[in-house]
Amino acid sequence: MLGKLMKYELRATGRMMLPLFLLTLLLGVFTRMSTAVVQHTHTNITESLNMLLIFAFVLALVGTAVFSVVLMVVRFRNNLMTDEGYLMFTLPVSVHQLLWAKLLVSMLWFVAVFCVDALAILLAIYEDGMLAGLPEFIRSAFENMDRYYAVNGLLYMLEFLGVLLVSMVTACLLFYAPISIGNSFATHKTLLSVVFYFVIQTVLQIVTVFGFAFSARTVNDVIMPSLASSPTRAAHLLFLSVLGYSLIIGTILYVLTWFMLRKRLNLQ
Amino acid sequence: MPILECNNLTKTYAGVTALDHIDLAIDPGRIVGLLGPNGSGKTTLIKLAAGLLQPTQGQILIDGKKPSPETNAVLSYLPERIALSQWMKVTQVLDFFCDFYKDFDRAAAEAMLAQLQIAPNQVLKQMSKGTKEKVQLILAMSRKAKLYLLDEPIGGVDPATRDYILHTILSNYNPEAAVIISTHLIGDVEQILDEVVFLSRGQIALHDSCEAIREQQGKSVDQLFREVFKCWEN
């Protein structure tokens with residue numbers, strides 16, 4: 001059932017994300033073309049047009065990223081907390097499946113935004129032979145990491161990927177949790193969702209500050225000495241610490257969201 | 001075994017009691033009218049059965065089980081609001097129901113849509129509220145469920161469509177399934193009801209068969225309702 005939920009989630013969000021991706025890529029191509037024209041003909045019109053295109057292109061790059069976050073929030077609210085919730089919560093699926101479908105599809109769009117924006121930038125600045133050395137560069141980068149720093153480049157990549165994925169889920173839940181709490185009230189649902197967003201942010205900041213204070217000794221005794229003797233070990237520790245922190249916060253927010261949707265659902 | 005069972009069921013919202021220690025059992029094969037004035041707890045009872053609310057006290061059982069994804073698979077719920085995604089076409093909504101409900105009869109749904117002249121490629125957003133309600137009712141009634149919960153199914157449609165809806169409910173009658181209809185329009189639904197439950201201020205004021213009401217009290221359900229829930233003294 002999770003697969004089916006994700007299919008409809010992708011369909012509902014894709015109809016907005018895909019045209020944006022197409023627009024961003026097209027603007028990348030047009031920017032490259034207009035830059036080429038400007039390199040050959042220096043007129044006020046071509047230069048102004050080029051500037052306009054670059055501005056629109058940057059706007060599209062940023063806009064796509066911002067829109068993916070806005071869509072993640074709006075989709076959760078509209079599909080689960082408004083009238084559509086009457087259908088979604090009476091499907092033969094669990095609240096866990098409803099939540100994971102939203103989380104996984106949002107993550108997919110975040111990754112897609114990164115890829116499309118990177119591709120669009122590449123298109124906008126493309127020069128002949130620019131990519132010829134890329135495979136060699138990646139291979140040598142990994143080799144050098146292995147040789148000089150005696151670390152496994154792949155392991156770093158995996159740790160980084162782990163941090164990235166867990167952070168993305170936690171970032172979504174930072175919105176899902178307050179929305180689910182705010183909507184459990186009979187009135188002022190949106191206002192209360194915003195209030196709880198700031199309450200959760202404040203609590204997290206306080207916890208983080210206290211967390212740093214309490215772990216200062218560990219940092220001094222374990223990480224700092226190893227930073228001097230073995231920077232690679234310190235980097236691993238740092239990655240794992242961030243991963244652990246995101247995992248704990250994410251788990252708390254997930255359980256909170258699940259509880260509110262399962263036990264305190266209050267659709268109007 | 002009753003298809004719907006409430007034991008000491010209570011629901012309060014911020015101190016206000018919507019349902020007050022209700023005991024109720026509905027057997028399969030019955031078409032039941034859930035009747036009562038505004039705020040009597042009809043929608044709350046239906047939402048509890050659909051798992052959209054959690055009881056404050058007591059329990060509600062569907063086919064002997066607490067509301068869960070498992071009971072949702074045998075329960076066809078028609079909410080009083082339009083719960084379908086407005087951007088979808090009718091065919092996409094049919095695909096959605098086919099994907100999630102094993103008991104969904106697509107051919108039956110398409111036949112009913114054709115009877116009501118609703119185009120399959122029409123987007124819901126472009127439809128009138130009444131047409132959306134018809135689509136939603138067709139979807140709910142095209143399932144071979146064990147329990148149908150219809151919350152105000154005829155509230156927003158014209159009298160001709162009302163007749164069609166009641167005909168649809170009757171023609172989908174299954175001796176193993178129960179249909180619970182919540183409505184104010186008692187006169188319109190009375191003809192198809194087997195029994196009625198009168199809810200008053202969160203409590204059951206009456207639970208009897210329509211036949212018994214007519215025979216023993218010599219009144220129609222509509223007349224009895226008007227007497228029980230009279231708003232003023234003449």
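Biologist: What is the mean pLDDT of chain B?
Modeller: This is a predicted model, in which local features need pLDDT of at least 70 and side-chain atom pairs count only at pLDDT 80 or more, while totals for chains, interfaces and linings use all residues. Residues are numbered from 1 along each chain as its sequence is written, and chains are lettered from A and ligands numbered from 1 in the order in which they are written. For pLDDT (the predictor's confidence in each residue, from 0 to 100), 98% of the residues of chain B reach 70 or more, and the mean is 90.

Biologist: How many Å apart are the C-alpha centres of domain 1 and domain 2 of chain A?
Modeller: Chain A is assigned domain 1 (13-132) and domain 2 (135-268), with bounds from an automatic or database domain assignment. Their C-alpha centres are separated by 24 Å.

Biologist: How many residues of domain 2 of chain A are in contact with domain 1 of chain A?
Modeller: A contact requires C-beta atoms, placed from the backbone, to lie within 7 Å. Domain 1 of chain A contributes 15 residues, and domain 2 of chain A contributes 14.

Biologist: Which element gives the most to the side of domain 1 of chain A that touches domain 2 of chain A?
Modeller: Helix H2 (44-81), helix H3 (85-88) and helix H4 (95-124) of chain A each give two or more residues to this side. Elements are DSSP runs numbered from the N terminus (helices: H or I, at least four residues; strands: E, at least two). With 7 residues, the element that gives the most is H4(A).

Biologist: Are H2(A) and H4(A) roughly parallel or antiparallel to each other?
Modeller: The residues that meet include Phe57(A), Met72(A) and Phe76(A) in H2(A), and Trp109(A), Phe110(A) and Val113(A) in H4(A). The axes (lines fitted to C-alpha atoms, for helices over the stretch in contact; angles from 0 to 180 degrees between N-to-C directions) lie 10 Å apart at about 170 degrees. Since angles under 35 degrees count as roughly parallel, over 145 as roughly antiparallel, 65 to 115 as roughly perpendicular and the rest as oblique, H2(A) and H4(A) are therefore roughly antiparallel.

Biologist: Which strands of the open sheet in chain B are edge strands?
Modeller: The sheet has 3 strands in the order S2-S1-S4, with antiparallel pairing, where a pair needs at least two DSSP bridges. Pairing on one side only, the edge strands are S2 (16-26) and S4 (57-62) of chain B.

Biologist: How many bridges join S1(B) to S2(B)?
Modeller: S1 (residues 4-13) of chain B runs antiparallel to S2(B). Tyr13(B) faces Val16(B) in S2(B). The number of bridges between S1(B) and S2(B) is 7.

Biologist: Which element supplies the largest share of the side of chain B that touches chain A?
Modeller: Contacts join 20 residues of chain B to 17 residues of chain A. Helix H2 (69-72) and helix H3 (90-100) of chain B each supply at least two residues of that side. The largest share, 3 residues, belongs to H3(B).

Biologist: At what angle do H5(B) and H6(B) pack?
Modeller: Gly130(B), Lys134(B), Leu137(B) and Met141(B) in H5(B) meet Thr161(B), Ile165(B), Thr168(B) and Ile169(B) in H6(B). The two helices are therefore roughly parallel. Their axes lie 11 Å apart, and the angle is about 10 degrees.

Key:
Contact = placed C-beta atoms within 7 Å.
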